[in-house]
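Please keep the sequence and the structure in view while reading.

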Amino acid sequence: MGILGLAKLIADVAPNAIKERELKHYFGRKIAIDASMCLYQFLIAVRSEGAQLTSVDGETTSHLMGIFYRTIRLVEQGIKPVYVFDGKPPNLKGDELNKRAERREEAQKLLQVAEEAGNAEDVEKYNRRLVKVTKEHANEAKQLLELMGIPYIDAPCEAEAQCAALVKADKVFATATEDMDALTFGCNILLRRLTFSEARKMPVQEFHHDKVLAELELNNDEFIDLCIMLGCDYTNSIRGIGPKRAIELIKTHRSLEKIVENIDSKKYTIPEDWNYKQARLLFQEPEITDPATIDLKWSDPDEEGLVKYLCGDKQFSEERVRNGAKKLHKARNTSTQGRLDSFFTVLPSQNSPKRKS
């Protein structure tokens, strides 16, 4: 789910915190990609166009097709992707996961009704709601990435938190995900649309954490409290409070504790036993692997290994797989020069004031 309404709130209140870029702008950049979000996008995209792509045994292969071809496009643009996979969810996320399971169960019932009624539009809608990224999907994607020579990381907990830690440690330039909670975890630069911008002819949206804080006139802890009020995966929010009212309350009282003390409880319903403090701590001190212990390495693809893995039972075209492997190899050997700005530092002149980065 991420943070409800945060992207629109930033666009409305802090528009200068967002930049739009072409994909080629990220040439030479290392980008941490939220793997589960990517897999979900691929499964949804193919499901919406009809049946899933499958192996001879009827097992879904849409996620592998998406990872393979989309990653090749990124590498051809000179981007060095590293995929980050979710680990175990925090205990506080249990209620949200239960709600998702209930929604899927309800969607399954509604799908059956729609199929019996022959309502194609509803069939598509409820089919999309049933899409779920499984452990098997993730394991297959990891095997594919290894054969492609693309590094991946198994996060101990939330992938967005691990991505944010990699950015803060300068291991990568940015995090690519559609979930805005990467910003709540303190990610310096968040990229939306990166993995599908070229396919959909849309610019990449670049959110800057420091500029979000500056334009909202909040410090990081206040921003985290705002995100909890908007609605996150870890706890309920105060019923009846929308994004604009939420930011007004945070600016007035500066913390959830003060808001709880001063809010009109007859007008706004505060959740019983509201565990916002535990949610806040998950954003402030998430469980991550120390980036200093992570060594990111990109290598040449294993063409024969890719053919063996993707062709045959998984029914990929051998010609297309071999062409893809050659594109990976060529891109890896032609984009190693890196970015010019990694070699030069622009110093301010003595007559001009220093500009903040």
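Which residue of β5 does I33 stand opposite? I33 stands opposite A176. The model is predicted, so that local features need pLDDT of at least 70 and side-chain atom pairs count only at pLDDT 80 or more, whereas totals for chains, interfaces and linings use all residues. Residues are numbered from 1 along each chain as its sequence is written, and side-chain values use heavy atoms, with hydrogens and water left out.

Strands (E, at least two residues) and helices (H or I, at least four) are DSSP runs numbered from the N terminus. Strand β2 (residues 30-34) pairs with strand β5 (residues 174-176) in the parallel sense over 3 bridges; two strands pair if DSSP finds at least two bridges between them. Strand β2 also runs parallel to β3, to which 5 bridges join it, and K30 has K80 as its bridge partner in β3. Because 4 of the 5 residues of β2 are buried, this strand is largely enclosed by the rest of the structure. Buried here means under 20% relative accessible area, exposed over 50%, and partly exposed in between (1.4 Å probe, protein chains only).

The whole sheet is open and has 7 strands in the order β1-β7-β6-β5-β2-β3-β4, with mixed pairing. Its edge strands are β1 (18-21) and β4 (152-154), each of which pairs on one side only. From one strand to the next, the twist averages 25°. Strand β7 (residues 204-208) contains V204, which counts as buried because its relative accessibility is 0%.

Helix α7 (residues 159-168) lies across β2, β3 (80-85), β4, β5 and β6 (189-192), and runs at about 170° to β2. Helix α10 (residues 209-216) packs on the sheet and touches β1 and β7, its direction making about 65° with that of β7. Such angles run from 0 to 180 degrees between N-to-C directions, the axes being lines fitted to C-alpha atoms, for helices over the stretch in contact.

In helix α12 (residues 243-253), the residues A246, I247, L249 and I250 are buried. Seen down the axis of α12, the buried residues fall within an arc of 160°, so they line one face of the helix; the arc is that of the directions from the helix axis to the C-beta atoms. K244 and T252 are exposed on the other side of α12. The cover over its buried residues includes α1 (6-13), α10, α11 (220-230) and α13 (256-262). Just after α12, R254 takes a positive phi of about 70°.

Helix α8 (residues 181-184) holds D181, which counts as buried because its relative accessibility is 3%. Leaving aside neighbours within four places in sequence, D181 is in contact (heavy atoms within 4.5 Å) with G2, I3, E160, D233 and F283.

In soluble globular proteins, nonpolar side chains tend to be buried together. The largest nonpolar core of this model has 98 residues, of which I10, Y83, L194 and L226 touch the most other members. A nonpolar core is a set of buried Ala, Val, Leu, Ile, Met, Phe, Trp, Tyr and Cys residues joined through side-chain atoms within 4.5 Å. Not counting residues up to four places away in sequence, I10 touches P15, A17, I18, M180, L183, F207 and V212.
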